[in-house]
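This briefing looks at pairs of oppositely charged side chains. Look at the sequence and the structure below before reading the points.

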Amino acid sequence: MRLSTRFAVRLAVLVPLLVLLAGALVLGLAVQDLRAERDRQLAVRLRALAPMALTYARRVHLSPGTALPDLLGQRLAVAATGGESSGGVYLDVAGAEPLVVGAVPATLPATGETGPATFTDGADGADGADGTGGSVGTGSTVGGDGDGADGGRRWRFAAVDLGVRGDRGRLWVFDPEDRLAGRIRALTGRVVLTTLVAAGAGALAGLGLGRLAVRPLTVLHGQARGIDTQPRTGARLATGSGVTEIDELAGLLNELLDRRDAAVARTGEALETARAFAATAAHELRTPLTSMGANLGLLDHPGLDPAERAETVADLIAEHSRMQRLITLLRGLARGDLIDPATFTGTDLTEIVAAAAEDARSRHPGAVITIALADGPRVRGWEEGLRVIVDNLLDNAAIHGADPHGRATITVTLSFSATSAVPVPPSPALPASTATPAPDGGGVAVLVVQDAGPGIPPADRERVFARFHRRTGSPGSGLGLTLVRQQVALHGGAVTVTGSHGGAGTRVEVRLPAATPR
């Protein structure tokens, strides 16, 4: 069911229900007011007729059988039948015939009751208190409809005793209940009719208001359907509907679309990187595998002397080591392409550099490594990736900075600079979507690895970061500095290669944004 239809159905039920409840409340109050007004009118009639009835009763006692009581009876009848009441008057005079005006019950209430009270007539077909009829002088009905009395009806009455001691007679004023019941039924019918009209009006109003209320959602739905399913189209949902909830929903959907586009972009870049990686890895592995295959075939030659066999085995071991290093570096390169910068934590760079220098001394016994470290600069990064940076810089300096005798002098310094700017040059080693921007403020940790070797010509100082780039006769894999730049860019930093300040040699400087100022 559509939201606008639900809105209309609920209004169609709720509005009549509220109208019905309000009508029932108003009807109850109105019935109370009508009954109170009826009792007030009975009391007013009784007070107005009581003096005339007392005069009539006295005249009947003083002048029985004369015309004067008849004249007073007619005046009393005129006064009793005036107004809006359809009830009658019953005057019981002591020692004389009763005077009946209008419709009265066939039987009278108990003498002690004065009312206003309700009384149900239990007799049928009687006129007057004694069931007889006649003229005014003889107790006949005067005025009204000429029936004198009705049986089996409910009446409302008020009564009063006449005379100082109440011995002159008793006056009753009656009003039939069915007259007020008819007015109540008419009022009830109007309330029911109003409720039915309110049901129809509520349904129409609910449908209209429902469509109006969900119009922003309808517009949002149309915009969402209009957005191309292909990523990077730039189409987004409008956030200016004026309805806070709809605008917040549109903003959230836009964020999801941005994340989708970013994820698709990262996936595309990762696939492209994987293709390039597979192609270059296959090319680089083909050469040592071909060489190893040739050497293995040579070992099967029956005329191979022991010296040549030993040389061939040594070549196989060297090629095997080269392949092992190459595979290890390729694995590190692939992990760097997939790492999520959101997982970075605060890391003490001083401990990483000190541990890497100690391990490098073991791997390269001919290298003299001197370190000068600041007091614990911290960076936000991946500890294993930071270790890759330091290890590869030290290995590169130990291998390519060695003299003809295999000795290398390496100086490692780690310092902190209050300057927060970290220039990050474009790096083909890392997709732009995975690079971490340098934060504002906090300073920079500066790592410098310097050797005393032959150095790198200025024209080659940028090409050394390309994958599988190495000079002729180099024992390296061509991936060491590629890994360095990848990890530096991943940590929001920059790496540069220059000549040694003291003359020959190579100086590699890595600048990483510090996590907190020192």
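**Salt bridges in a predicted model**

Glu358 is partly exposed, with a relative accessibility of 47%. Side chains of opposite charge can pair when their charged atoms come close. The count for this model is 17 salt bridges.

**A pair within one helix**

- Glu358 forms a salt bridge with Arg361, and the closest N and O atoms are 3.2 Å apart.
- Both residues lie in helix α7 (residues 349-363).
- Because Arg361 and Glu358 are three residues apart in this helix, about one helical turn separates them.
- Arg361 has a relative accessible area of 31%, so it counts as partly exposed.

- Arg170 and Asp161 form a salt bridge in which the closest N and O atoms are 2.5 Å apart.
- Arg170 has 4% relative accessibility and therefore counts as buried.
- Asp161 has 42% relative accessibility, so this residue counts as partly exposed.

- Arg507 and Glu509 meet through their side chains in a salt bridge, at 3.2 Å from N to O.
- Are these two residues, Glu509 and Arg507, buried or exposed? Both Glu509 and Arg507 are buried.

Methods. Residues are numbered from 1 along each chain as its sequence is written. This is a predicted model: local features need pLDDT of at least 70, side-chain atom pairs count only at pLDDT 80 or more; totals for chains, interfaces and linings use all residues. Side-chain values use heavy atoms; hydrogens and water are left out. A salt bridge is a side-chain nitrogen of Lys or Arg within 4 Å of a carboxyl oxygen of Asp or Glu. Buried means under 20% relative accessible area, exposed over 50%, partly exposed in between (1.4 Å probe, protein chains only). Helices (H or I, at least four residues) and strands (E, at least two) are DSSP runs, numbered from the N terminus.
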